[in-house]
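Subject: Structure handover

Hi,

Here is the structure I promised to pass on to you. Have a look at it first, and my notes follow below.

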Amino acid sequence: MANKYVDVSRQIVEALGGAENVVAVTHCMTRLRFVLRDDAAIDGARLKSISGVLGVVKSDQQCQVIIGNTVSQAYAEVLKHLPEGSRPAAVPAGKNKLTLKRISAGILDALIGTMSPLIPAIIGGSMVKLLAMILDMAGLFDKTSSTLIILNLIGDGAFFFLPVMVAASAAVKFKTNMSLAIAIAGVLVHPAFIDLMAKAAQGQHVDFMGVPVTAVKYTYTVIPALVMTWLLSYIERAIDRITPAVTKNFLKPMLIVLVSAPIAILLIGPLGIWIGSGISSLVYTVHGYLGWLSVAIMGAIWPLLVMTGMHRVFTPTIIQTIAETGKEGMVMPSEIGANLSLGGSSLAVAWKTKNPELRQTALAAAASAIVAGISEPALYGVAVRLKRPLIACLISGFICGAVAGIGGLASHSMASPGLFTSVQFFDPANPMSIVWVAAVMILAVVLSFITTLILGFEDIPVEEAVEKGSTTAFVAPDNAVKTL
């Protein structure tokens, strides 16, 4: 499989305008994310027709090439075609006009670019916590067992030190010193500082140089470390300009830490918490008013959010909600129907198509979505490509989201919902949650399968696929045969 991407990576770079047009590249779980000098240099048709490319998404500052579950292999090969220094994703320098659209795109790009590399650690920790929960439910270990305690600690590691992880990832994104970013974020989760904040929460007066310190708990948070690291990138440059060359080795880092850490503690930290809490409150206020309908709507639009990358915006909200309440009952339950509907729709395409290459693609995509909860191969390789299966998935996602909402399903983790990760929705206090989860999963696969067959799709002729040497074109050819 690795050899496959030797040629694919070369074609991708060439279609993007060559190595000289690539400013930076990074990857998330399924996508290569390129920052380019000139968007006009992209050969979109060629890029979409490359075998192994499931789709292309263009945003204001990025070109995202969807590869699928083997994206890390493609990324490793792409780097071989680029000059040193292209790894960290960065925005090209230039004086662009500041508009609301550009600001919004910049915030979204910063959030997604920072959080995407952390998703594997978050999912890994989540699954270990779920394992500990299952062992506890099964009675294999006593609640006070050291084995159970250590398993929970292993699972909690990625969440407890999330500000440090965010700082490290954001330092790459914002092109600032990673060790300084980690050191400043580390202050926020230092045991002594946590103890001091606990005392402040109980009413004890805490100040720094006469300025009161707001009692805030920073573990499990994203926004404070992200905003602080962004600010650090400017503080570092400013202090670099004013420090004499002979003192830079010791005076520069000392001043950066002395300036940045108090700002984080006194201003950015509390502000970031308030922003995160405000977003969470808004999302779950809507959930409180609409109830199961909000889950249904989210289930219907989830594939569209994934297509634009907007789904990562909910990551901080989910993490904070689970940290505060132990579960999340709006976004994660909606993903059950959305992910498995894409799998069921892909199965219908695999069953009905006369194209053997499309059948192979659809079967692999269905397995990824249903078993592992990774839906992008099904979304880009099948649903978006054939159009009508996407409509079937949106319909099925709405209905399954409604059922999940009515059943009161909530996730105790944030692993992408699929067969293997469905355990995150099991509630030890409510055994019926197992029945509801199974019902939603079965309904999603069956309903999307049937709806896809009813709506039909335009099959891709074998001759067309062979001529192109690709099974990943977005648009079916005009002379395609309609399959009903």
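Before the rest, some housekeeping. This is a predicted model, in which local features need pLDDT of at least 70 and side-chain atom pairs count only at pLDDT 80 or more, while totals for chains, interfaces and linings use all residues. Residues are numbered from 1 along each chain as its sequence is written, and side-chain values use heavy atoms, with hydrogens and water left out.

The overall picture

The protein has 19 helices and eight strands; these are DSSP runs numbered from the N terminus, with helices (H or I) of at least four residues and strands (E) of at least two. Of its 484 residues, 52% are buried. Among contacts (heavy atoms within 4.5 Å) with a separation of 6 or more, 75% are between residues 24 or more positions apart. The exposed surface comes to about 21500 Å², with 67% supplied by carbon and sulfur atoms; areas are from the Shrake-Rupley method with a 1.4 Å probe, and for residues only the protein chains shown count as cover.

The aromatic pairs

There are six aromatic pairs in the structure. Rings of Phe, Tyr and Trp (its six-membered ring) pair if their centres lie within 6.5 Å, and planes under 30 degrees apart count as stacked, over 60 as edge-to-face and the rest as tilted. Trp-302 belongs to one of them: with Phe-314 it forms a tilted pair, 6.3 Å centre to centre and 45° between the planes. Because Trp-302 lies in helix H12 (residues 292–308) and Phe-314 in the loop between H12 and helix H13 (315–325), the pair ties together parts 12 residues apart in sequence. Phe-314 is buried as well, with a relative accessible area of 16%.

Trp-351 and Phe-449 form another tilted pair, at 6.0 Å centre to centre and 40° between the planes. This pair links distant parts of the chain, 98 residues apart: Trp-351 is in helix H14 (residues 331–352) and Phe-449 in helix H18 (residues 432–455). Trp-351 counts as exposed at 59% relative accessibility, and Phe-449 as partly exposed at 23%.

The sheet

Four strands make an open sheet in the order E1-E2-E4-E3, with antiparallel pairing; two strands pair if DSSP finds at least two bridges between them. Strands E1 (22–27) and E3 (55–58) stand at the edges with a single partner strand each, so one side of each has no neighbour in the sheet. Five bridges join E1 to strand E2 (residues 31–36), and Val-25 stands opposite Phe-34 in E2. E3 and strand E4 (residues 63–66) run antiparallel and share four bridges, with Val-56 opposite Val-65 in E4.

Two helices

In helix H1 (residues 4–15) you will find Ser-9, which counts as buried at 1% relative accessibility. Leaving aside residues up to four places away in sequence, Ser-9 touches Ala-74, Glu-77, Val-78 and His-81.

Enjoy exploring!

Notes. Buried < 20%, exposed > 50% of the residue type's maximum accessible area, 1.4 Å probe, protein only.
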